Amino acid sequence: MALAAGPEAQVGKLVIRNIGLLLSGALEAPLLDADTVVAEGGRITAVGRAADCDTDQARVVVDAQGCALAPGLIDSHVHPVFGDWTPRQSQLGWIDSFLHGGVTTMISAGEVHLPGRPRDIIGVKALAITAQRAYSNFRPGGVKVLAGAPVLEQGMVESDFAELAAAGVTLLGEVGLGTVKAGQEAAMMVGWARKYGIQSTIHTGGPSVPGSGYIDADTVLAADADIIGHINGGHTALPLNQIRCLCEGCGRGIEIVHNGNELAGLSALRFARELDQLPRVILGTDSPAGSGVQPLGILRMIALLSSIGDLPAELAFCLATGNTARMRDLDCGIIAPGRAADFVLMDRAQHSAGRDLLDSVRQGDLPGIGMVIIDGIVRSQRSRNTPPAERIPVLVT
Ligand SMILES: [Zn+2]
């Protein structure tokens, strides 16, 4: 097998052929009738049958060997600090490890684990701007870490949000992790954030760690943040009737996380489906956390929701890709021309009882990852973290 060329050598045209199963990331049509994907300049330019795609003069050719291709997975809820280090569990290289779990984009819900995190307003703003800059300039393993998510503190005024937005901040950290915990106060600041194009997430449920707070369904609905962060708790969940109220009572993102309550997560999925609200359901890990760091956390959520949650596997992948991209206004997560060329190639794990990739996930097994591509560049080949896949793609040129 050829060795992966350096990222610089791969900026030209990319052709991926012999794809056995193409998962689109879009709930309305989760499987595509295609075996070839072409990308140029980091964007998808064609998706179709080989004979219908212009595959000439490719700089990089990947033979998928019949493996499945899906959009790179998006982790909607992480807590990075700096670089590829987390002080929460004293781990190095955790983001690169997530790459080997198929994650190509991560969204910060606040850089809250920074030792000595500032709580004064100028310090809150300085940290957010620094984190946004640092992760724009540095991508561990090539993973896109969207960071710089300030935590709301009492005393912030509208001009603070204007200043943050002008400096490039696009996210708020989890509402409720700072001193702002009351619904009306949070709603005012969330409104200012929204006015300046900053997206918001709210902590839902009991305190995560000593020092964080309890946020009930009434407060979540009053604050009206864009994403109902870990609707299944982080880890302590709200009573199931309150979770149903959240699914019914607004049109915001329903985020289910790995480091939450599994019963509450499965219940949130069931409520969303009963209410015809599946397009709002998105997935995260909420890691690093007290429960640790989960490189395969998004794959584990897909397998959990598909197997015990009885959701067809091709739809479960959409929750971690196209749904998150739509709810969070990202240019990735869907296999279609114009979208970011972020892909994960995978196959049924060796000795899975499932007859193929989708059946194996439906039976609760994790897929084996054979290659991850971000912005049209091959970032990793056979995963060091997943069970070995039956087939793996080959880098032809
Ligand atoms: Zn939280």
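A residue is called buried here when its relative accessible area is under 20%. The legends below describe a predicted model.

**Figure 1. Helix α8 within the predicted model.**
Helix α8 covers residues 297-307. Nine of its eleven residues are buried, so the helix is largely enclosed by the rest of the structure. The buried positions are Gly297, Ile298, Leu299, Met301, Ile302, Ala303, Leu304, Leu305 and Ser306. The loop between β16 (281-284) and α8 contains Pro288. The peptide bond from Ser287 to Pro288 is cis, with omega near -10°.

**Figure 2. Overall view of the chain.**
Eleven helices and 20 strands make up the secondary structure of the protein. The radius of gyration is 20 Å, close to the 21 Å given by the globule rule for 397 residues, so the protein is as compact as a globular protein of that length. The C-alpha trace spans about 60 × 40 × 35 Å along its principal axes. Of the 397 residues, 60% are buried. Among contacts with a separation of 6 or more, 74% are between residues 24 or more positions apart. The accessible surface amounts to about 14300 Å², and carbon and sulfur atoms account for 52% of this area. The protein carries 31 positive and 41 negative side chains, with the centres of the two sets 1 Å apart.

**Figure 3. The open five-stranded sheet.**
Five strands form an open sheet in the order β5-β4-β1-β6-β20, and their pairing is mixed. Strands β5 (43-48) and β20 (394-395) stand at the edges with a single partner strand each, so one side of each is left without a neighbour in the sheet. Strands of a sheet pair through backbone hydrogen bonds, in either the parallel or the antiparallel sense. Both senses are found around strand β1: its pairing with β6 is parallel, whereas its pairing with β4 is antiparallel.

**Figure 4. Bridge partners of strand β1.**
Strand β1 (residues 14-17) and strand β6 (residues 60-63) are joined in parallel over four bridges. Within this pairing, Leu14 has Val60 as its bridge partner, and Arg17 has Asp63. With strand β4 (residues 36-40), β1 forms three bridges in the antiparallel sense. In β4, Val37 is the bridge partner of Ile16.

**Figure 5. Strand β17 and its two pairings.**
Strand β17 pairs with β7 in the antiparallel sense over four bridges, and Leu345 is the bridge partner of Leu69.

**Figure 6. Non-glycine residues with positive phi.**
Gln65 is not a glycine, yet its phi is positive, at about 60°. Gln65 is located in the loop between β6 and β7 (68-71). With 37% relative accessibility, Gln65 counts as partly exposed. Asp329, likewise not a glycine, also has a positive phi of about 60°. Asp329 lies in the loop between α10 (322-328) and β17 (343-347). At 70% relative accessibility, Asp329 counts as exposed.

The peptide bond from Gly234 to His235 is cis, with omega near 20°. His235 is placed in the loop between β14 (227-228) and α6 (240-249).

**Figure 7. Surroundings of Ala187.**
Ala187 belongs to helix α4 (residues 183-195). Its relative accessibility is 22%, so Ala187 counts as partly exposed. Leaving aside residues up to four places away in sequence, Ala187 touches Ala222 and Ala223. The C-alpha atoms of Ala187 and Val175 are separated by 9.8 Å, with the two residues twelve apart along the chain.

Terms used. Residues numbered from 1 in each chain as written. Predicted model: local features only at pLDDT ≥ 70, side-chain atom pairs only at ≥ 80, totals over all residues. Heavy atoms only, no water. Pairing = 2+ DSSP bridges. Buried < 20%, exposed > 50% of the residue type's maximum accessible area, 1.4 Å probe, protein only. Rg over C-alpha atoms; globule rule 2.2 N^0.38 Å. Contact = heavy atoms within 4.5 Å. Areas by Shrake-Rupley, 256 points an atom, 1.4 Å probe, with all protein chains shown as cover. Lys, Arg positive; Asp, Glu negative; His and termini not counted. Charge placed at Lys NZ, Arg CZ, Asp CG, Glu CD.
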